[in-house]
Amino acid sequence: MNRIKKLKTRLGDIKIPFFMPDATRASIRGLTNNQILASGISEIVVNTYHLMLKPGANFLKNAGGIHRFMSWDGPILTDSGGYQVYSLIHKNSKLGEVTEDGARFRSVLDGSWHFLTPEKAIEIQFDIGSDMMVVLDDPRPPESSFEIQEEAVYRTIRWARRCKVEFDKQIKKRNLQNKEPLLFAVVQGGKHIDLREYCAEQLVKIGFDGYGFGGRHIDENGEFMDEIIKITANALPEDKPKFALGIGNPNDIIRCYFHGWDMFDCVIPSREGRHGRIFFWNDLENIKKKGIKYIEKNGDYKSLYDTMNIGNAKFKEDFTPFCEKCDCYACKNYTKSYINHLFSVKESLGAQMATVHNLRFYSELVEILRLEQN
RNA sequence: GGGUGGAUGGCAGAGUGGUCAAAUGCAUCAGACUGUAAAUCUGACAGCUUCGGCUUACGUGGGUUCAAAUCCCUCUCCGCCCA
C-alpha cells in the first residue's frame, strides 16, 4: 500500500492519520483553545447545521469567518449537516423532512424552519470559512432495507454532484483560486458492499479532494464491519485522503486506520469525558517499542487501553493520576481523588480535565499510528 | 399554664381507611454514550427470596376495623398563638 503521509490544506500540511474533536457549536465544550492545543490537537470540526442556526451563516461571514470568531488558527473542517439529516429527521420525522431538493429542518432551538440544500450547505461552509468541507449527504439508519440504502446512495451522489458544481462556482465568486478549501464527498450504502462500491465509484467520477465513510460502521449487533470498511477504502483513489466520519472509539479508529482510513472525528473523547469516562493506556511503552500490532488479538486492539468511570466511589481516595505515563495537564497536576471530588460536586473543572485528558489520549493514539508508517 | 398545628424512607416532601414497601426531587450506587437536540440519558436504591412471594416499616405505646401512614387514646419531641 502506498498511502499518503500528509493532507495538504490551505493552512498547512497535516500528518496522517489525524483525529479532530468535534467543536460542533464552535467550541470543544468546556475547553480553551490553549487547552485543546496543549492536548496535541491541531484540527477541529465544526457543524454547518448548528452554526447556521446560531449564530448564523451571514453573521459568521460578517464576523470575518470562524477562525477569527473563535480565535482558532488551525485547520477547521466543517461538517455539512448531513448527519443532522439523519439524526434529526430520519430518526424523528417531526423535526423535518428530506426531499430531492434538500432537507427541511425544524430548528431544535426555537422550532423555526430552515432549508438546507446541497448548494446552500456549500455556500454556508464558505461563509463559515471552512478549510475542509463536506458535501451534504443522506445517511440512513443502519437497519434500513437495501432499497432505502440504495435510494440514499443515489441521492447522496446527486447531491454530491450539486455540491461540487456549487463549490466551483463559489471559488470563482469569492476569488479563492489560490486558497481553495478541500471538498470531501461521503460514501453511503450501509452494510451493502455493492452499494458502497457503486457510491464510491460514482463519487470518484465526479472528483473530490477526499472521500468519507458515512453512516454507521458497526452493524445492528454492534459488530465492526471490517469488510465494508476495507472494501470502501479500496474503492477510493490511493492518493486521496479518506475520512472516517464520526469514528470512533480508539479500537475502531485503529481498525479503520489499518483498513485504509486516514482522518477521524468523534464526540467520544469530549462527551464521554464530560460524562466521567477516562481513557488510559495499559502498556504504552511496549506499544511504542514493539508497534501497535503486537497487542492485536482477533483483529481487536482493545487490550491496548481501558476506561474508568472517574465518578465511581472507588476513586474517592485514589491519589494517583488517571495515567502515570500521560503528559496532559490533568495527569501532571491532579489525582483521581480530586477529579472524583469535582465530578461529585459537579464542578465543571472535572469535566474539563477529563476532556483534556481524553483528547491527549486520542492525539497520542494517532501519534502511535503514525509510527506504523515508518 | 391554656389552645393549636405537626412528626413519613439518608435529606426534602406527597399521601389522609384497602389498588402503599409509600409519589416526586435531591443524595447515593452502577451503567450507557461513535460526522454532539447529550455538563445527558438509563437502571438500582428496607431486608430476604426457589422471583411466586415473605418479613419488618410512616415519632412511642395501646386501641377501633376484615383492613391503619391514614380513625381514637397515651406519651415524647418540634413549631405557632394566648397568658
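Let's start at N47: one of its polar side-chain atoms sits 3.3 Å from a phosphate oxygen of RNA strand B, a polar contact, meaning a pair of N or O atoms within 3.5 Å. Q84 also places a polar side-chain atom 3.3 Å from a phosphate oxygen of RNA strand B. At G246 a polar backbone atom is 2.8 Å from a sugar or linking oxygen of RNA strand B. Helix 5 (82-90), strand 13 (263-266) and helix 11 (268-274) are the elements that give two or more residues to the surface near the strand; helices here are DSSP runs of H or I with at least four residues, and strands are E runs of at least two, numbered from the N terminus.

A quick word on the model: it is predicted, with local features needing pLDDT of at least 70, side-chain atom pairs counting only at pLDDT 80 or more, and totals for chains, interfaces and linings using all residues. Side-chain values use heavy atoms, without hydrogens and water, residues are numbered from 1 along each chain as written, and chains are lettered from A and ligands numbered from 1 in the order written.

Back to the RNA. How many residues surround RNA strand B? There are 44, and the closest are D79, L245, V267, S270 and R277; near means a heavy atom within 4 Å. Helix 11 supplies the largest share of that surface, five residues.

Now to helix 10, residues 250-258: eight of its nine residues are buried, that is, under 20% relative accessible area (1.4 Å probe, protein chains only). Among them are I253, I254 and Y257. After helix 10 comes G260, with a positive phi near 115 degrees.

Methods: Polar contact = N/O pair within 3.5 Å; in protein donor to acceptor, adjacent residues only side chain to side chain. Buried < 20%, exposed > 50% of the residue type's maximum accessible area, 1.4 Å probe, protein only.
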